[in-house]
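Visitor: Hi, I'm new to this one. Could you walk me through it?

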Amino acid sequence: MAARRLLVDIHTHVYLPRYAAFLRSRNSVPRIFTRTNDAGESEERLLILDNEPSVGRPVGAQYWDREEKLKFMDKHGIDVSVVSSANPWLDFLPASTAHKLAGELNEDLEAYCATSPSLQGDSLKRLYGFGLLPLVPEVTVQSLLDTVQQISGLPHLKGIIMGTRGAGQGLDDDALEPVWEAIAQAGLVVFLHPHYGVDGKAWGEKENGHVLPLALGFPFETTIATTRLILSGVFDRHPTLRLLLAHSGGALPQLSSRLASCIDHDPVVASRLQHDARYYLGKLYFDAVAYGSEELGFVSDVIGRADAFAARAASAGASRAVGEKCRLGSAKMLFGTDHPFFPPLSATEKWKSVVENLEAIDGVEGWTDVEKNGVRGGNALKLFGLA
Ligand code: 5CU
């Protein structure tokens, strides 16, 4: 019972010290460089996004020091974090370097988690992780399968964080078929996370900081990648595959009925999938990094409705009461912070980005206390086999 009340953060990032050192050794994006600031002090800066102003952004121990992660967790009452490497992962590397670094970073993350403090006696650690695959062009399938096997043998790594490019052709690339199979068989959770956004021309000429690429580009990228996966039939071929979507699935919940209708009316795709497109939303997991109660409630309604499509598919009848829909939907949603991104612009005790996401969960109309506790932590403990 007590375990269900833990606060678990499933969207929290790190640049492991080995990766940060690698970024420091580079002269092109992504990179960490040192400059002298206006106060005459030396400081490190991070450059990761294409078209980011060359001055980059501040970067410091909160990105790589485990003690800083634990302090952040303590400050916000977070009991357990499932930590993932931050973007752009290994995407920019040649295949052999990516393979070697993935293996080393997976070992590093295992040690980072395995030596973290324990909770509830010794039954739980405070840190678990998502490993990395060398998903780059020219990678061999064998390299990917070997790394899946490595991750599944590391006891504190519970999944794999993945960007949207796959081995260069996206995640619906037929070449990745054995990789999905291996991941599903290993029971690893894939955390799908954006990095590239969408074509920057869409953002126009006005200076709007990072707002458009982060608020819209990131979630649209996730929306497109997930839709391509659905269209490729991956979830029909691998029904046990567990995919967790960053930023509450972007625009996919809002667009899922339109997607279903477009499929139904498209002669190329209409008979390809085993289910209505909305069914597949019920197969997915969504972080609760949406910053608003209404958005969380909406996403859970849409996921809950997906279950009705599953029931219909199984000829078990369809319509469900609203309360029941919400219960089914919320069970697939999990609290996250996006730490160490989105730090407050001025000093505050707690980070606004974290407080807002917790308040959003608290304020969802129609979620019971049991459901809210599930989203705060119980669902994560279940998904990652920690309960
Ligand atoms: O602020 C950003 O650029 C980011 C990022 O790159 N990755 C992420 O997970 N959140 C915010």
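Predicted model: local features only at pLDDT ≥ 70, side-chain atom pairs only at ≥ 80, totals over all residues.

Visitor: Which exposed residues sit on the face of H2 turned away from its buried side?
Guide: Those are Glu67, Asp74 and Lys75. Residues are numbered from 1 along each chain as its sequence is written.

Visitor: And which residues of H2 are buried?
Guide: In H2, residues 66-75, the buried ones are Lys69, Phe72 and Met73. They sit on the same side of H2, because they cover an arc of only 100° around the axis. That arc is taken from the directions from the helix axis to the C-beta atoms. Helices here are DSSP runs (H or I, at least four residues), as are strands (E, at least two), numbered from the N terminus.

Visitor: What covers those buried residues of H2?
Guide: The cover includes strand S1 (8-14) and strand S5 (80-85). Contact here means C-beta atoms, placed from the backbone, within 7 Å.

Visitor: What comes just after H2?
Guide: Gly77, with a positive phi of about 70°.

Visitor: Switching to H5, which of its residues are buried?
Guide: Val179, Trp180 and Ile183, in a helix that spans residues 177-186. They fall within an arc of 100° seen down the axis of H5, so they line one face. Among what covers them are H4 and strand S9 (157-162).

Visitor: How do H3 and H4 cross?
Guide: The axes of H3 (residues 95-114) and H4 (residues 141-152) come within 10 Å and cross at roughly 5°. Therefore the two helices are roughly parallel. Angles under 35 degrees count as that, over 145 as roughly antiparallel, 65 to 115 as roughly perpendicular and the rest as oblique. Axes are lines fitted to C-alpha atoms, for helices over the stretch in contact, with angles from 0 to 180 degrees between N-to-C directions.

Visitor: Okay, and what surrounds the ligand?
Guide: His13, Ile48, Leu49, Ala86, Asn87, His210, Leu214, Asp338 and Phe341.

Notes: Buried ≥ 20, exposed ≤ 12 C-beta atoms within 10 Å, placed from the backbone. Contact = placed C-beta atoms within 7 Å. Near = placed C-beta within 6 Å.
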